[in-house]
Amino acid sequence: ELLRTASCLDLWREKNDQLVRQAKVAQDSRQFLRRQQLAQDALEGFRELLHSLQGLPPAVPVLPLELTVTCNFITVKASLAQGFTEDQAQDIQQGLERVLETQEQLGPRQECGLRGLWDSVLHYSSVLLELLPALHHLAGLQAALWLSTDCLGDLTLLLQTLNGNQSEASEDLLHLLKTWSPPAEESDGPLTLQDARGLKDVLLTASAYRQGLQELITGSLPKALSSLQEAASGLCPRPVLVQVYTALGTCLRKMGSPQRALLYLVAALKGGSPWGPPLLEASRLYRQLGNTAAELESLELLVDALSVTHSSEVPQLFIEVELLLPQPDPASPLYCGTQSQAKYLLASRCLQIGRAVDAAEHYLDLLALLLDDSEPKFSPPPCPPGPCMPEVFLEAAAALIQAGRAQDALTVCEELLSRTSSLLPKMPLLWEDARKGTKESLHCPSWVSAIYMLQGRAWVQLGAPKEAISEFSRCLELLFRATPKDKEQGPASNCEQRCMSDVALQQLRVAALISRGLQWVASGQDTKALQDFLLSVQMCPGNRDASFHLLQTLRRMDRRDEAIALWWRLEAQAKLPQENAARSLPLYLETYLSWICSPDRETLLEEFQTSLLEPCDP
Amino acid sequence: MAGFAPRVQYLAGFRCPLGGLAAGKPRVLCHGAEIFVSTGSELVYVYDQDGRLLTAVYRFPGRVWHLELSTPRRALYALCAQKGIYCLSLDQASRSVSQGAGDDRDADEDDSEDSEDGEPPCPVSPVDPDACILPDATLCAFVVLDDMLITLAQGPAQWKVQLFGCPCPGEDARPPGQIGEVELSTSSPPAGSLGEPAAPHFLPVLCCASPPGCSGPRDRLRRSGGFVLERALFGLLFGVDASLLESPVVLCGLPDGQLCCVVLKTLVTSRLAPGDPKALVKILHHLEEPVVFIGALRTESPDMEDTHPDCLVALGHCGRVLAVRASWDEAGAVAPELQEYRLPGPVLCAACGGDGRVYHSTASGLCVVDLARGGAPPDPGQPDGGPGSLPSLLCPASLGVCSVVALSVLSEVPAGGTRLLALSARGRLMTCSLDLSSAVPCPPQGPVENTGQKIKELLSGIGTVSERVSSLKKAVDQRNQALACLNEAMNVSCVLLASREGPRPISCTVTTAWSRAQLRDVLTATCRVQNGSGFSLGRGWTWCVQVLTGSRASDPDPAGSATTYTIPVDRLGPGEQREVTLTLGPSDDGTLDLPVTVACALHYSLREVLGRALASSDSLEDPSLDGCPPDMLPEQEGICLPLSDHAVDMLQCLRFPGLASPPAQAPSLLGPTGDPVDTFLGACLGPRSEPAGPASLRAKFLPPSVATIKVSAALLKAALGAGQPGDGDPPGRSRAPAGCGDPSGEPLSGQPVPGTPCCRGASAEDGCGARCPELQPTRPPCPVSPPDPGQPRDTAAGGADAAGPAEHRRPSELVRHGRAAAAGVPAAAQPQPPPGVTPPPAAARWPRCTWLRWASPPWSTGAGPATSPAPGIGV
């Protein structure tokens, strides 16, 4: 009997060693598909071997091999699936239960979960010395699992137990990991894909990185700095090192050391792919420094960098640091988005800082990137972190108008309308209703009004006041009749939630009224202009532009008393603190508002003071 | 219904598993003249419609779960369970197969009938494992769209949609470039364990929807499993961004009922910019049952500008249907119109035809519903002839084609006809040509003259249904009856089996007597079964009496010597009893082979009770109802409950000449039993139980009469020693009662002898070891009335008889053991079954029964159970 067990043990062990060698061959294979198939086969082999081992009652002489096979199985499985899942937890649990079965200690402890199982097993491990290396290996995998699922409390307790409770006072995960010394595996033991010591190094780097990133996000910057430096000094694959350096750059920028941050970013860029995070961070840094040229240059580089299709790096067949890192969410400093998102960032920055010509070009590039069907390359729109697609179109139109390309702006607006026409209320019907005088409430996305407003502005630029007035009228008709769509229903709900606040809607109405009023002024119809300006002031009494245009019209029409009253009101308002500092408007609206604001407003107001008020003075 | 009889044409048959093909995994695809069929096994067949023959069979490395064709690439993609996606170039494939056909054997390609027997007529070409373009054991579904491959993988807790650049079939083995991936939130995680991941019962459904407007490449969509949706519906379902980007959308129908979508152009992710499910995945609906089909159809008659489908349809496994289309409210704003229906399920597979029809296969057959005609006619008052609405109710019309597990719409004839390609559960590939121009019958919109015909049809339909209902009712009644009978039988069996010790509730007693019939003395046995239980024995019960003669009674193999009488127990209520008298002998040659064992048993015939009820199930037709067809009854179609074995041995057959001679007209007080010893003992008992009358006076004042029964041990010995009766017996003794004589040969007189009763122990010197008792009857026994042979007496009516005295156990443990001298007994004929008793068949045996036996029957020794010990007879 003993002989037979021994020979079986040899057989199983040989099988394990062979599978480990097979997995290593797979790893070295250059052909991806072949590699993947070999790895799958190895995984199946380990699964079968584990099945046959666990088909027998657990026995202490066999358990070291069984635990090693479990470890190898989990390692291949996790690296093939690129992450840890509940499955692996079950595998670990089964291994632990088998150990306890030999001690006849299974039963009530099962309720304690993995945590309790580990306590029991490590309690007995002092008796089962031959199991110790395999148990430490399994504990390493358990630590990886808990690290990747953020069960840091369990992880800390496990490490304390593994360290023999010597450093019980220490709650510091990094310290615990450093003091953990897994026993060396015997040279004649069964082969492993990755031993406990290798696992320990990976765990140390990963947990330092995770901790640093967490501290960076929560704002405890000095701690973050030290954790990240810890991660950078450990065993760190190059792509991870790039990210760590980028995070260090972010940390130092926030701590007010831009020069040191820059050094780290340069180091990160030297590290190679991925290029995205350090370039994005560099643009943020230059923006903070006020170096617009450098900022835009970084963004342009970022666009280029992201256009390179990163070849899917071949994952290794053991637990890597990357496997244990959290996926960056859009809030993370390391989230760099996609190419079109970068392009949008570049275009909108250009528009914001007044480089209209560049902005227009970038917007057109972006639209081509998103809409061009001829090229099969995929590039997602800037959303979700950015604005919704219609807003991108509107910004593009605004940039084109700003750059003096009114005709192109009209084309963009037409394109937007034609692509969404099927979703919009039937407009001819609407205008008919308007003529008939019936007034029904209508649901329409507010960006449709914005399209008409921008079209009107484009016509203004093209010197066609009639068309312009007609567009502005359409816009106002929609704005005053249509209620913004219900947040929950309709095609534009996603978009509406983000792009149109009540304040923005109000500003949109004021802008449209002023625009039409200005056209009336230009065509000499002061009465109509006065009506629009009056309405706009009523809509938004605090808007200085509206009041100013009204004041001018009143003055031109020689309605002196009203003008004086308005002037006094304006003066009183000017002494109040500016309320609109905190408002956040869509970029296209901001841009539009800049057009209807006369730059020499204050000097003109001075003039008024002299011309209007002086005659009153005795 | 009349207008729907499709013309069905069988094309080929494929091998299928024993229970037929399961729905969900088989696929049929058509590309030009070629039809690709996967039955869910490893094999994929290519059938040529023009040549009407099977042109290729591919063996994939795993069970094929899904097939897709990419026409522009001329490639066939197959998802193998637990393996991944394989790609075959159609050009290469046909070349290699034609070579293979020549190499392997002379392919008899001309007869596709050959394939009916399941053996493919052309050689099977195995697919090279290197044809795998995406090894992933967790894949459950995929779809190919232009140059993209969209897959749905089953994660441990979530489904994962992945988007790949689709590698060409001929290209080097390069990893397919992953463009993006996103996880679908799902409430019920698919199960996973240490063992191999369980094969899902329902596979998810993937398909692609595209907006119109893109020329050229989008036309391929229809063929590769996707569809183009009308702009308004597309925008409504998938949002402004998808409309603006004109991006294809992948729709996922999950086994938990979720219907969600991912806009493909937004699905570009990387490790550093992972997809956010909340932003990328939109849940359209929850069907609350596994989604088995997603499709699109046109409910409006096509106008100039838009001929694209304007209605999205999703079918659930249990028959729930979701239909969504865009409609405009009175203000002119576009809004989704969502309608849910219920069809009879389970839905096995489905396909969308032109003209608003959805073909779906259920357990009862292939049906069609019409989403276009169900609606009200377009309202002319509505501005710009706005679209009508979806019907509020769907009426499936049966097409009369059963158990279709895979379906695809082949082509549409402009006249309104449709050709469907179907694969049945039996593995048959067929085309169904439908002429649907005569409209779906619901709601009736036909002209008035059709109405009469319709009513006739409906009436005949009602007639058929009511006929069926009544036959079903009858069957149900029969089954109920059978169940009641079975319950009764069960109760009886339980009662009998439960009472191992003590008096049994249903007992059988046997008494023997000599009687004279047809100038011969015959030994008759009267068997009486008494039902002391609370249950009545009804239909199906038979009382079996087996008579085993002579030495063979102890023989385990009673072949040839046993005679079985079966007496039907028509109805034996609680407390009732039934009696039957059988002739035991002597036989024609005058021998009486003793001892005779009379064994009684009750037999319950399952066939009689259940046979009819089960036979009626043939008319039920419904395969789901069949429990156990009649020919599946166990061979032994009954239950047998042994009641008692009674041994009739020599002592019970003793006759006294003086007693036997009087004619037995007067019924005796002591009943018909004629055992002299019993008579004597009964006489002894008599005076004590009779307190009044002259007998009591006699008992008081006369000295007790004494009789002695002496059995000569030598005679017994001689009689027993004679072994074979007949030759050696002196003829002079032939009339003498057997064994009645003292050792001196003096015949026993049986005369009353005055004196005290005594009982002397017999000397044990005789060889047979019997202690011959000397009994002294006090009084001449009363004449024995011969029992009425063969007339079962119902003692419930005729007065309760005293139990047979033979049942009394003698206080002295007297063992009556003897053997009638054969010569002294007139020869009796073979036992004739009494009238009213069914004669057993030729080789009468016990019926083949399921014997319910007791471990050791306490009464099987032959002596009846001790009922009341006889009072002491002057020991």
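Q: A charge sits over a ring if NZ of Lys or CZ of Arg is within 6 Å of the ring centre and within 35 degrees of the ring normal; over which ring does the charged end of Arg428(B) sit?

A: The ring is that of Tyr10(B), and the charged end of Arg428(B) is 4.9 Å from its centre. The model is predicted: local features need pLDDT of at least 70 and side-chain atom pairs pLDDT 80 or more, while totals for chains, interfaces and linings use all residues. Residues are numbered from 1 along each chain as its sequence is written, chains are lettered from A and ligands numbered from 1 in the order written, and side-chain values use heavy atoms, without hydrogens or water.

Q: And which face does Arg509(A) lie over?

A: Arg509(A) lies over the face of Phe480(A), 5.3 Å from the ring centre.

Q: How many aromatic pairs are there over all chains?

A: The count is eight, where rings of Phe, Tyr and Trp (its six-membered ring) pair if their centres lie within 6.5 Å, and planes under 30 degrees apart are stacked, over 60 edge-to-face and the rest tilted. One of them is the tilted pair of Phe14(B) and Tyr45(B), with 4.3 Å between centres and 35 degrees between planes.

Q: Where do Phe14(B) and Tyr45(B) lie in the chain?

A: Phe14(B) is in the loop between β1 (7–13) and β2 (27–31) of chain B, and Tyr45(B) is in strand β4 (residues 43–48), 31 residues apart. Helices (H or I, at least four residues) and strands (E, at least two) are DSSP runs, numbered from the N terminus.

Q: Is Phe14(B) buried or exposed?

A: Phe14(B) is buried at 4% relative accessible area, and Tyr45(B) is buried at 2%. Buried means under 20%, exposed over 50%, and partly exposed in between (1.4 Å probe, protein chains only).

Q: What about Phe234(B) and Phe238(B): what kind of aromatic pair do they form?

A: Phe234(B) and Phe238(B) form an edge-to-face pair, 4.9 Å centre to centre with 70 degrees between the planes. They are separated by about one helical turn because they are four residues apart in helix α2 (residues 231–245) of chain B. Phe234(B) is buried at 1%, as is Phe238(B) at 6%.

Q: Changing topic: how far does helix α6 of chain A reach?

A: Helix α6 (residues 132–148) has 17 residues and reaches 24 Å from its first C-alpha to its last, close to the 24 Å expected; the expected span is 1.5 Å times one less than the number of residues. Of the 17 residues of α6(A), 15 are buried, so the helix is largely enclosed by the rest of the structure. Just after α6(A), Asp150(A) takes a positive phi of about 65 degrees.

Q: How many salt bridges are there over all chains?

A: There are 28 salt bridges over all chains, each a side-chain nitrogen of Lys or Arg within 4 Å of a carboxyl oxygen of Asp or Glu. Among them, Arg320(B) pairs with Glu288(B), the closest N and O atoms being 3.2 Å apart. Arg320(B) lies in strand β22 (residues 320–328) and Glu288(B) in the loop between β19 (281–286) and β20 (291–297) of chain B, so the pair ties together parts 32 residues apart in sequence. Arg320(B) is buried at 18%, whereas Glu288(B) is exposed at 58%.

Q: With which residue does Arg325(B) form a salt bridge?

A: The partner is Glu337(B), with closest N and O atoms 3.6 Å apart. Both Arg325(B) and Glu337(B) are buried.
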